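Biologist: Could you walk me through a few helices of this protein? I would like to see how each answer is reached.

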Amino acid sequence: MKKLFSNKIAVSLLAITLLSGCKNLFDEPNIQSNPNAVTDVDVATLLSGTLVGVAELHEDTDVRIAAIWAGQLNGLSRQHQGYADYIVSAGNFSWDPLYPVASQARLIQIKADAAGDKWTKGVGQVLEALLIAKATDFYGDVPYSQAFDDVKYPTPVFDKQADVYKALLATLSSAIENLSAPAGLSFSAQDFIYKGNVSKWIKAANTLKARLYLHMGDYTNALASATAGISSTADDALIPHGGSQGIDANLNYVFFKLNRPGDTGFDGAYLPKLLQLRSNSANTKTNETALYNHYIKVGITATGSLDPNVVDGAFTTDAPHPLLTYYENQLIIAESQARLGDNTIALAALNQVRSGLASGYINGKTISATGRKYDAYVLDDFGPSGLANSNNYASVQTALLYEIITQRYTVLLMQYEAFNDVRRLEKATPLVQLPIPLYTGSQKPERFIYPQSEVNTNPNVPKPIADQFQKLPIYQ
């Protein structure tokens with residue numbers, strides 16, 4: 001892990017590489033471990049480059065694999081067809097640039113401490129938590145406590161997933177405290193997410209805490225954190241994009257349209273079937289045809305094919321990409337309240353999301369008014385004969401949970417949180433799951449396999465090596 005965790009990566013190279021997609025630059029050992037590499041960089045510049053890395057890591061191949069394994073997307077050709085067949089090995093996965101970018105987030109904190117700058121340190125902590133959360137959500141036990149000192153810990157231990165979650169929650173609590181300090185240095189010019197608005201970063205940190213608590217099944221704390229979380233769509237943490245290839249284009253657009261058209265699509269996936277069902281059912285309060293058309297464009301790569309909408313929908317070159325959103329936050333509140341037994345407040349939170357969707361807003365874009373209907377529900381809609389109880393659940397609570405979970409699935413496309421949902425719902429009580437079919441075989445993928453480079457160099461990798469069908473500890 002020594003190369004991966006080196007804090008001696010030149011920030012300018014990191015930013016240029018992640019923007020351009022030329023990740024092979026990082027295969028050069030001198031860039032990874034050169035003691036003469038640029039390290040004397042001001043914290044604001046370091047923050048800018050690290051944000052670029054965080055953005056890239058939320059639109060990468062790993063996120064596409066998660067979408068495929070959640071049934072939202074399908075792999076149709078070449079390597080991605082293998083992912084849809086659940087055929088992977090350690091060679092399919094890599095921790096580069098995930099851990100190098102996380103090490104940059106830690107370096108932000110070190111430099112901010114030296115400058116007495118609590119605000120920038122707090123943002124660095126949120127970014128670190130976002131990245132390590134991704135690592136543990138895909139792999140389970142991962143290095144964290146020893147991850148950022150390659151001199152002292154060249155082969156870091158793998159912390160238990162429960163301990164990683166505990167540490168991440170502590171990191172986020174510390175971030176909130178630092179961001180709540182009376183004053184800090186301005187970083188508005190370098191912050192393309194929130195333009196230096198620390199109150200929005202505080203809300204984002206609380207939403208991320210709520211997400212982690214939800215994974216743990218701790219609904220009381222999930223609710224408490226979400227209550228202090230992102231409180232409107234204006235506070236969404238969105239990655240901005242533009243029309244310049246190799247500079248600021250949406251990476252999903254680059255993949256779907258330019259690099260690998262036809263390798264992935266919605267043909268055979270569960271998501272389009274679900275959206276069509278919700279648009280053509282007895283539920284007269286819901287029509288998600290507009291959302292379907294926002295995600296899916298028919299016939300781009302072949303006649304009749306269900307392709308990602310790179311023309312005028314979710315995956316255009318300038319489409320913002322979500323990190324943390326108001327919709328996710330409200331749906332955490334809705335699910336937590338429903339599981340804790342307060343259906344009334346749960347429904348109010350769900351209706352807030354439906355109100356936003358009814359206005360046409362999703363992730364910084366506006367969907368068509370045609371085929372867009374999200375009328376407010378009442379509790380009777382989830383009764384035994386209610387229009388929103390298509391599965392004939394015996395209780396309002398269970399029927400309401402199904403609707404909340406379904407709405408999460410439809411709005412969290414290309415966010416790996418949908419893959420987390422598929423796995424955590426296998427053990428959440430009461431048991432409510434979407435009927436997502438397998439693409440092949442009889443086993444559902446539960447995790448990523450530890451990267452081969454790590455297996456080869458770190459004797460602390462857990463043995464035996466878990467395959468893709470072994471559940472993560474947090475979901476067992």
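Biologist: At what angle do helix 8 and helix 9 pack?

Modeller: First, a word on the source: this is a predicted model, where local features need pLDDT of at least 70, side-chain atom pairs count only at pLDDT 80 or more, and totals for chains, interfaces and linings use all residues. Residues are numbered from 1 along each chain as its sequence is written, and side-chain values use heavy atoms, with hydrogens and water left out. Helices are DSSP runs (H or I, at least four residues) numbered from the N terminus, and axes are lines fitted to C-alpha atoms over the stretch in contact, with angles from 0 to 180 degrees between N-to-C directions. For helix 8 (residues 161-179) and helix 9, the axes lie 9 Å apart and the packing angle is about 160 degrees.

Biologist: How do the residues of the contact of helix 8 with helix 9 divide by class?

Modeller: Contact means heavy atoms within 4.5 Å; among the residues making it are Leu168 and Leu172 of helix 8 and Trp201 and Leu212 of helix 9. Ala, Val, Leu, Ile, Met, Phe, Trp, Tyr, Cys and Pro count as nonpolar, Asp, Glu, Lys and Arg as charged, and the others, Gly among them, as polar. The contact of helix 8 with helix 9 divides into 14 nonpolar, three polar and one charged.

Biologist: Is Arg408 buried or exposed?

Modeller: Arg408 sits in helix 16, where 14 of the 16 residues are buried. Buried means under 20% relative accessible area, exposed over 50%, and partly exposed in between (1.4 Å probe, protein chains only). Because its relative accessibility is 0%, Arg408 counts as buried.

Biologist: Which residues is Arg408 in contact with, leaving aside its neighbours within four places in sequence?

Modeller: Arg408 belongs to helix 16. With those neighbours set aside, its partners are Leu214, Glu328, Leu331, Ile332, Glu335, Glu417, Asp421 and Arg424.

Biologist: What is the relative accessible area of Thr45?

Modeller: Thr45 is found in helix 3 (residues 43-57). Thr45 is partly exposed, and its relative accessible area is 36%.

Definitions and conventions. Helix = DSSP H or I, 4+ residues; strand = E, 2+ residues; numbered from the N terminus.
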